[in-house]
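Please walk me through this structure, from the confidence of the model to the charged pairs between side chains.

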Amino acid sequence: MIESSQSRTPEELDEEVRRILHARTRRSFLIGGAAALAGVGLYEVLYRAKAVNELQWPLREAHEANRSLTNALFGQRVLAPTYKASEVTGLRINGDFGIDTGLIESSWGLQLVGLDRPQQYRQFMPDVDLWEYRSKDDYQAPTESQEPDVKGKGPGSSKAPAAIPHMQESTGVTASADAVPGIVLRLEDLKKLPYTEQITQFKCVEGWSQIVRWGGVRFSDLLRAYPPANIDGGPPKFVTMETSNGEYNASFDMPSLMHPQTLLCYSMDGVPLQIAHGAPVRLAMPLKYGYKQIKSIASLTFSNVRTPDYWEKLGYDWYAGL
Ligand SMILES: Nc1nc2c(c(=O)[nH]1)N[C@H]1C(S)=C(S)[C@@H](COP(=O)(O)O)O[C@H]1N2
Ligand SMILES: [Mo]
């Protein structure tokens with residue numbers, strides 16, 4: 001199913017799969033054998049094993065081994081297959097953790113934390129935590145007579161007041177000690193970056209898959225425009241993405257994000273993304289399962305610390321490669 005973008009033949013890849021699988025099988029066999037000799041069953045080994053993020057370590061090890069297998073074989077050299085427009089099936093809606101169905105999209109901003117010299121950008125905020133995501137659910141519609149003057153919309157305007165981003169003005173007031181400096185990008189900022197479309201298969205770990213036409217910005221293009229600061233003398237190793245209320249999150253290694261098919265999407269089928277699909281911006285990452293493709297992204301933090309994902313904490317694989 002996976003096309004190699006480099007020059008190895010399918011036979012050569014097969015051979016490499018066999019070699020790596022063979023090495024792994026021998027290793028698992030040795031571990032199993034040692035357990036048998038010790039007079040305890042594998043179940044017991046699992047049962048006694050200390051849980052690492054809710055998953056007994058031997059199972060976690062298997063996940064990690066899968067990761068090295070995937071990496072060793074394909075790394076970032078392969079592309080997920082792409083499809084024709086006529087093959088698009090659309091995407092069902094699945095998972096609403098952290099999604100505010102009443103989000104006023106014009107109040108949305110993407111917080112970037114860990115950039116190189118964030119002060120150089122006009123979107124700099126001394127504390128990005130102060131960004132306010134507004135929701136229609138919180139919004140009290142004014143009565144006709146009390147309609148306030150908002151941004152030139154005088155009384156009698158038939159429309160609700162336009163949402164105004166609540167960017168705190170930097171008045172020179174010293175930021176508090178736990179302030180998180182960064183920049184906040186608006187959708188318009190993302191739309192200024194190169195636009196990429198791709199039609200790829202979306203796979204949920206529950207066992208369904210659909211063909212989706214995504215549009216947005218390659219993560220690598222975002223990074224070129226807004227490069228991260230080095231950490232400990234090198235580029236950061238991980239990125240954590242979160243919804244505005246922190247209810248859903250996912251973290252990624254940098255190579256997975258730099259893959260040319262990793263998109264920060266704001267359109268589906270050529271039209272703006274629906275809220276339930278993660279508007280204004282969600283991730284599309286066709287080489288990983290759906291649960292890594294976080295919807296309604298509000299913040300993106302560069303770090304050398306790998307934060308546990310929403311689903312990883314519940315026992316799922318962190319890497320989640322197909
Ligand atoms: N914020 C958020 N993102 C999320 C989820 C969620 O519950 N909340 N579910 C994940 C899972 S398990 C899947 S399969 C996909 C579903 O995306 P869709 O609703 O656009 O099909 O979103 C992923 N991203
Ligand atoms: Mo999923």
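Predicted model: local features only at pLDDT ≥ 70, side-chain atom pairs only at ≥ 80, totals over all residues.

Residues are numbered from 1 along each chain as its sequence is written, chains are lettered from A and ligands numbered from 1 in the order in which they are written, and side-chain values use heavy atoms, with hydrogens and water left out.

The chain has a mean pLDDT (the predictor's confidence in each residue, from 0 to 100) of 79, and 65% of its residues reach 70 or more. In residues 1-6 the pLDDT is below 50, and this stretch makes 13 contacts (heavy atoms within 4.5 Å) beyond near neighbours in sequence. Residues 147-165 also have pLDDT below 50, with 25 such contacts in the model.

Six helices and 15 strands are assigned; these are DSSP runs, helices being H or I of at least four residues and strands E of at least two, numbered from the N terminus. Of the contacts between residues at least 6 apart in sequence, 74% join residues at least 24 apart. The chain has 322 residues, and 43% of them are buried. Here buried means under 20% relative accessible area, exposed over 50%, and partly exposed in between (1.4 Å probe, protein chains only).

The structure holds seven salt bridges, each a side-chain nitrogen of Lys or Arg within 4 Å of a carboxyl oxygen of Asp or Glu. Side chains of opposite charge can pair when their charged atoms come close.

One of the salt bridges joins Asp189 and Arg122, with the closest N and O atoms 3.0 Å apart. Asp189 is in helix H4 (residues 187-191) and Arg122 in the loop between strands E5 (110-113) and E6 (124-125), so the pair ties together parts 67 residues apart in sequence. Asp189 is buried, at 5% relative accessibility, whereas Arg122 is exposed at 63%.

Another pairs Arg213 with Glu197 at 2.9 Å between the closest N and O atoms. Arg213 is in strand E9 (residues 209-218) and Glu197 in strand E8 (residues 196-203), 16 residues apart. Both are partly exposed: Arg213 has a relative accessible area of 26% and Glu197 one of 35%.

Asp221 and Arg224 also form a salt bridge (3.3 Å, N to O). Both lie in helix H5 (residues 219-225), three residues apart, about one turn of the helix. Asp221 is buried at 12% relative accessibility, and Arg224 is exposed at 60%. Finally, salt bridges with shared partners join Arg122, Asp189 and Lys192 into one network.
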